[in-house]
Amino acid sequence: MLGPRDEGLSFTPFKLQFFGESLALPSHVYNVYGLSLGILDTTNHSVYGLQYSLFDSRQNSFYGVQLPSLLAYSCRSVGLHTALLAASSFEMQGVQAAITSNSNILKGIQLGLINATHTAPFGIQLGGFNISGIYDNGFTGLQLGAINHVYDGLSGIQIGAVNIFNDKYMAESFNTDAYGLYGLQMGLINVSSTISGGMQLGVFNYAADVKRGIQIGLLNLNKTGALPLLPIVNGRF
């Protein structure tokens, strides 16, 4: 985002940016301890405090409250990170809220129509479509949405119409999971590559392999069970 030349010791308690750094007051000061306002956009190295712009907010580090602009990006966000259309952060600690919320590392809460995390997420996703653990290390926490999808390992709870847990190599086989489901899937349809110590509760439950766990629903399919398809209850204890 911002180069090494921006990492000076200069700071300001207030910054007003009209359009680009050439129309910023004060100009070429990238660390704000206080209030950062942008008529169209804001660009900073660090913000400690409150930030707002109409269209676009960008900074390397943010600590505080970011009021919703159209788009918001921060390499590291601690506090409240919001946008109308899309909020994106490499590392998020706190609350991220937008129509589309995206964070590589999540330690906190995501609120949005679409929520996505990538590496070692820990927290809560509340939205229409929640996806987590795309790159590595699964998900620890709660997913609550219409469709919930976790890769690589689930230690927590999925509640939704459709809940899916599988290894990231799903295209090859549902049996390639290395971590397993430790927790609860609750919804109309629950799908898991491996249940290692958990429960599925729904109308239709599917598991490619149940090492230790239980399925409760109208129809329960455990591909490795002695009786793969059973009504009401299935699993391995």
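This is a predicted model: local features need pLDDT of at least 70, side-chain atom pairs count only at pLDDT 80 or more; totals for chains, interfaces and linings use all residues.
**Ground rules.** I number residues from 1 along each chain as its sequence is written.

**Strands.** I began with strand β9, residues 154-166 (strands are DSSP runs of E with at least two residues, numbered from the N terminus). I found β9 paired in the parallel sense with β8, residues 139-151, over eleven bridges (pairing takes at least two DSSP bridges between two strands). Here V150 has F165 in β9 as its bridge partner. I then looked at strand β10, residues 181-195, which runs parallel to β9 and is joined to β9 by eleven bridges. There I noted G156 opposite G183 of β10.

**Salt bridges.** How many salt bridges does a search of the whole structure find? I got three, counting a side-chain nitrogen of Lys or Arg within 4 Å of a carboxyl oxygen of Asp or Glu.

- R58 meets D56 at 3.0 Å, N to O. I see R58 as partly exposed at 35% relative accessible area and D56 as buried at 19% (buried is under 20%, exposed over 50%, partly exposed in between, with a 1.4 Å probe and protein chains only).
- R76 meets E91 at 3.5 Å, N to O. R76 is partly exposed at 26%, and E91 is buried at 19%.
- K211 bridges to D209, with the closest N and O atoms 3.1 Å apart. K211 is partly exposed at 49%, whereas D209 is buried at 13%.

Conventions: Side-chain values use heavy atoms; hydrogens and water are left out. Helices (H or I, at least four residues) and strands (E, at least two) are DSSP runs, numbered from the N terminus.
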